[in-house]
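Please open the model in your viewer and keep the selection panel at hand.

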Amino acid sequence: MKVLIVGAGPAGSTAAYYLAQAGIDVTVLEKTSFPREKVCGDGLTPRAVREIQKLGLPHAVEEGWRRNKGLRLIAGGRTIELPWPEVADFPTYGLIRTRLGFDEDLARHAQSTGAVVLEHHSVTSALTADDGRVIGVRAAILDESGRKTGETRDFHADVVLAADGNSTRTAVSLGMHKRDDRPLGVAVRTYFTSPRHEDDWMEGWLELPGKSGKPLPGYGWVFGVGDGTSNVGLGILNSSKEFGKLDYKQVLREWTAGMPSHWGFTPENQVGEIRGAALPMGFNRTPHYSPGLLLLGDAGGMVSPFNGEGISYAMESARFAAEFIIDASSRSVSAGWNTHDADAHLSRYADYVRDQWGSHFTLGRLFASLIGKPAVMKLALRTGMPIPVLMRFVVRMLANLTDPSAKGFEDRVIRVLEMLVPATSNTSSSGALTAAGSDTAVSATTS
């Protein structure tokens, strides 16, 4: 079996690693070249760290990785520090790593197992057979500066994985457009030279005080990178009435202008420009499987509506997809499967992903639709911030750090809540619940 992967981000490189390790012929097409910058909060929760551990990807401090203890939440004049919970299936630490280094580390890790990674290949469309099955992609060849050379090349494969992010030209070329009944966020961030670069906590601001003292819309973060800089950014959600009406870069400037001067979040200490990106949440592009094609990570809207986290779900979806492909490949060899049999087996990927996160994402959409209302948000912060035990529960639920088999009170409550809502649909539909947003400190921080 031959597999083609579009995009060498966390989803694409993770899938490539597992497939190549299993002896499957896999090629990854990446439109840029490494190292490359990516708009992100650079924060990795224990859920993402678990995937890094499963990959066997080294993440030592001396290699640019920085461990953190948990979340520091700031709102309503209060600050509370919440260590990452001790859950059997997850590590008890998070990581900070710039995407500049993280994505290249993952791609090189995949190459070490035999995956072929072709940089400067910008996929423009999927290729289909007469029956509509995806059989490959067409890519424009770019020069070293990222400009099109005028040359195109067709690649063929038995299975194509779309891991090309929110824009996902692969899926769009097949008419698979984003769903407007799903959450959407926008994140902007930059870096500052700062004495806070070695902070041991991922700091989230549930309220953004401006220079004038008037609250600003959105939720912010300050993550110490450990290299002399801090990643500072904010996310705004389409549950906010200001969504789409503001200059988000200016909002970030106003927020940082109101911070203590000794933190160094000033224009003269800024490193690089302010950059932004969209966060596709709650399965906003479906179906996740169609004959010959699987959607991974952001391409399938696999960003949590609870906290804007996307890296862990991208890597998990890649692992799931690889497992289905490896199984289908082994069965085709031993049982003489044909393409129809393989497609029937691979189609189970979509249901599996829905079963894993569908109820969690649905609950996130319901919860976020309420938190998007300023009065509700204010009441929630006034009620929750003074009660650490409540906030610890909230963090576990929003970060999806639960043990399905555990009998502890928090795990049981979360299971009951998710059982009360239907799993988010994995197929296109209309008239579905419209909800958006996030209420956690790390909202829109991890893309």
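The stops below cover a helix, several salt bridges and a patch of surface charge. The model is a predicted one.

**Stop 1: helix α1**

Select residues 10-21, which form helix α1. The helix has 12 residues, and the distance from its first C-alpha to its last is 16 Å, close to the 16 Å expected at 1.5 Å a residue. Among the buried residues are P10, G12, Y17, Y18 and L19. Then move just past α1 to G23, where phi is positive, at about 90 degrees.

**Stop 2: E30 and R36**

Select E30 and R36 and display their side chains, which are joined by a salt bridge with an N to O distance of 3.4 Å. Both E30 and R36 are buried.

**Stop 3: the surface patch**

Which residues gather in a patch of positive charge on the surface? Select K31, K38, K148 and R169 to display this patch. To place K38, look in the loop between β2 (25-30) and β3 (43-44). K38 has a relative accessible area of 38%, and therefore counts as partly exposed.

**Stop 4: R319 and E51**

Next, select R319 and E51, which form a salt bridge whose closest N and O atoms are 2.9 Å apart.

Now extend the selection to R47, R50, D89, E316 and E323. Together with E51 and R319, these residues are joined into one network by salt bridges that share partners.

**Stop 5: R196 and D199**

Select R196 and D199, whose side chains meet in a salt bridge with N and O 2.8 Å apart. R196 and D199 are both buried.

**Last view: the whole structure**

Finally, display the whole structure with the side chains of its charged residues. How many salt bridges does a search of the whole structure find? The search finds 30, including the pairs E30 and R36, R319 and E51, and R196 and D199.

Notes:
Residues are numbered from 1 along each chain as its sequence is written. This is a predicted model: local features need pLDDT of at least 70, side-chain atom pairs count only at pLDDT 80 or more; totals for chains, interfaces and linings use all residues. Side-chain values use heavy atoms; hydrogens and water are left out. A salt bridge is a side-chain nitrogen of Lys or Arg within 4 Å of a carboxyl oxygen of Asp or Glu. Buried means under 20% relative accessible area, exposed over 50%, partly exposed in between (1.4 Å probe, protein chains only). Patches are made of residues with over 30% relative accessible area and no salt bridge: like charges are joined within 9 Å, nonpolar side chains (Val, Leu, Ile, Met, Phe, Trp, Tyr) within 5 Å. Accessible areas come from the Shrake-Rupley method with a 1.4 Å probe; for residues, only the protein chains shown count as cover. Lys and Arg count as positive and Asp and Glu as negative; His and the chain ends are not counted. The place of a charge is taken as NZ of Lys, CZ of Arg, CG of Asp or CD of Glu. Helices (H or I, at least four residues) and strands (E, at least two) are DSSP runs, numbered from the N terminus. The expected span of a helix is 1.5 Å times one less than its number of residues.
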